[in-house]
Amino acid sequence: MADYRLYLLNDDGHIFWARDIDADSDEAALEMARAEGHQHDVEVWQGRRKVGAVHPEG
């Protein structure tokens, strides 16, 4: 398991919420971000490394 952090971004691209998660891989962390079902962009980070971003559908 590895430590990751999810950041929700507002319409201006600023962080307004964050949550720590544990995941087995980068792909699993991104899937957890998708499963959150947010209506905002979510960035997934592991330490200083940006793993990726998930964008709302629609």
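Me: What makes up the largest nonpolar core, and which residues have the most contacts inside it?
Reply: The largest nonpolar core holds 13 residues, and those with the most contacts inside it are Tyr4, Leu6, Ala29, Ala33, Val42 and Val44. Two or more residues of this core come from each of β1, β2, α1, β3 and β4, and the largest share, four residues, is given by β1. The term nonpolar core is used for a set of buried Ala, Val, Leu, Ile, Met, Phe, Trp, Tyr and Cys residues that are joined through side-chain atoms within 4.5 Å. In soluble globular proteins, nonpolar side chains tend to be buried together. This is a predicted model, in which local features need pLDDT of at least 70 and side-chain atom pairs count only at pLDDT 80 or more, while totals for chains, interfaces and linings use all residues. Residues are numbered from 1 along each chain as its sequence is written, and side-chain values use heavy atoms, with hydrogens and water left out.

Me: How do you know which parts are helices and strands, and how many of each are there in the protein?
Reply: Helices (H or I, at least four residues) and strands (E, at least two) are DSSP runs, numbered from the N terminus. By that rule the protein has one helix and four strands, and along the sequence they follow the pattern β-β-α-β-β.

Me: Why is the protein called as compact as a globular protein of its length?
Reply: Its radius of gyration is 11 Å, which is close to the 10 Å given by the globule rule for 58 residues, so the protein is as compact as a globular protein of that length. The radius is taken over C-alpha atoms, and the rule is 2.2 Å times the number of residues to the power 0.38.

Me: In what order do the strands of the open sheet stand, and why are β2 and β4 said to be at the edges?
Reply: The open sheet of four strands has the order β2-β1-β3-β4 with antiparallel pairing. Since β2 (15–23) and β4 (49–54) each have a single partner strand, one side of each is left without a neighbour in the sheet, and so they stand at the edges. Neighbouring strands of this sheet are turned by 25 degrees against each other on average, direction ignored. Helix α1 (residues 26–35) packs on the sheet, where it touches β1, β2, β3 (42–46) and β4, and its direction makes about 40 degrees with that of β4. Such angles run from 0 to 180 degrees between N-to-C directions, and the axes are lines fitted to C-alpha atoms, for helices over the stretch in contact.

Me: How do you know that β1 pairs with β2 and with β3?
Reply: Two strands pair if DSSP finds at least two bridges between them. Eight bridges join β1 (residues 2–9) to β2, and four bridges join β1 to β3, so both cases meet that requirement. In β2, Ala23 stands opposite Ala2 and Ala18 is the bridge partner of Tyr7, whereas in β3 the partner of Arg5 is Trp45.

Key. Contact = heavy atoms within 4.5 Å. Buried < 20%, exposed > 50% of the residue type's maximum accessible area, 1.4 Å probe, protein only.
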